[in-house]
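Dear colleague,

I am passing this structure on to you and would be glad if you could look through it before we next speak. My notes on what was found follow below.

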Amino acid sequence: MRQHVNPLSRNFDQIERIPSLHEMFNDSELNLHLDIGCASGEFLFDLALVNNDWNYLGIEIRERLVKTAKLKSLEREMSNLYFVFGNANNILNDSRSKFLLKNVKSISFNFPDPWFKKRHQKRRVIQPDLINNLSNLLKKGSVIFIKTDVKDLFEYMDYTILNNFNFKKIDKKDFNYSESFNTNQVKTNREKYVIVKKMDIFERIYMKI
Ligand SMILES: C[S@@+](CC[C@H](N)C(=O)[O-])C[C@H]1O[C@@H](n2cnc3c(N)ncnc32)[C@H](O)[C@@H]1O
């Protein structure tokens, strides 16, 4: 399967309508977590099955993965899980998504594509504009999680987020996972692979202040 999709391709200029929280979830009042670049959504299925007091929304740019995840979610009658197809940047920067960011409690960027070459860095999902938008719309106390096995990408994401003074770093040891979207610290597929290969994982948690 083709792994990398150019998010700047015109194919992603049009974004699909994001349903209201009532349409997506059985109980729209639950805490909402957003996973960016969720691939086939297995991480979110694992979470949504055990954490009934959270709603989970995955955004993924590979359409086939989203279609399959949506079908699986319907078959399993998951009422706290939903998937949206598209470039997360275009989706989250669109004014029609304001309601999402205003309601979200936390967002994860797990092992985003590194786009190593300098000329391809605009394809990275974390961009200053996106962070600005998150800083304007997220409620105080909302949390962003980043994880990657690429040190340069970690440094880039960390710099981009902390360049915005509305976000501060939270020390992992001071973070209370039991109240988070991921109480059992479930691992993503890429994370499992990285652990087996004994590669480094760079991660950080930020809070909107
Ligand atoms: C390396 S995979 C990691 C998947 C998963 N988060 C994990 O940790 O196993 C990165 C995923 O992000 C998706 N992706 C990359 N850029 C994206 C974008 N701009 N918007 C939405 N998804 C994106 C890719 O298609 C891919 O599925």
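Are Lys147 and Glu191 buried or exposed? Lys147 is buried, and so is Glu191, where buried means under 20% relative accessible area, exposed over 50%, and partly exposed in between, with a 1.4 Å probe and protein chains only. Before I say more about this pair, please note that this is a predicted model, in which local features need pLDDT of at least 70 and side-chain atom pairs count only at pLDDT 80 or more, while totals for chains, interfaces and linings use all residues. Residues are numbered from 1 along each chain as its sequence is written, and side-chain values use heavy atoms, with hydrogens and water left out.

The sheet

An open sheet of 7 strands runs in the order β3-β2-β1-β4-β5-β7-β6, with mixed pairing; two strands pair if DSSP finds at least two bridges between them, and helices (H or I, at least four residues) and strands (E, at least two) are DSSP runs numbered from the N terminus. At the edges are β3 (81-85) and β6 (167-170), each of which pairs on one side only. From one strand to the next the twist averages 20°, with axes taken as lines fitted to C-alpha atoms, for helices over the stretch in contact, and angles running from 0 to 180 degrees between N-to-C directions.

Strand β5 and its neighbours

Strand β5 (residues 143-148) pairs with β4 (residues 104-110) in the parallel sense over 5 bridges, and with β7 in the antiparallel sense over 6 bridges. Phe109 has Ile146 of β5 as its bridge partner, whereas Lys147 stands opposite Glu203 in β7. Because 6 of the 6 residues of β5 are buried, this strand is largely enclosed by the rest of the structure. Val143, Phe145 and Lys147 point one way from β5, while Ile144, Ile146 and Thr148 point the other way.

Salt bridges

A search of the whole structure finds 11 salt bridges, each being a side-chain nitrogen of Lys or Arg within 4 Å of a carboxyl oxygen of Asp or Glu. One of them joins Lys147 and Glu191, whose closest N and O atoms are 2.8 Å apart; Lys147 lies in strand β5 and Glu191 in helix α8 (residues 189-196), so the pair ties together parts that are 44 residues apart in sequence. Another joins the side chains of Glu16 and Lys70, at 3.5 Å from N to O. Since Glu16 lies in the segment before α1 (21-24) and Lys70 in helix α3, that pair ties together parts 54 residues apart in sequence. Glu16 is partly exposed, with a relative accessible area of 27%, and Lys70 also counts as partly exposed, at 27%. The side chains of Lys173 and Asp171 meet in a salt bridge as well, at 3.4 Å from N to O. Finally, salt bridges that share partners join Lys147, Lys172, Glu191 and Glu203 into one network.

With kind regards
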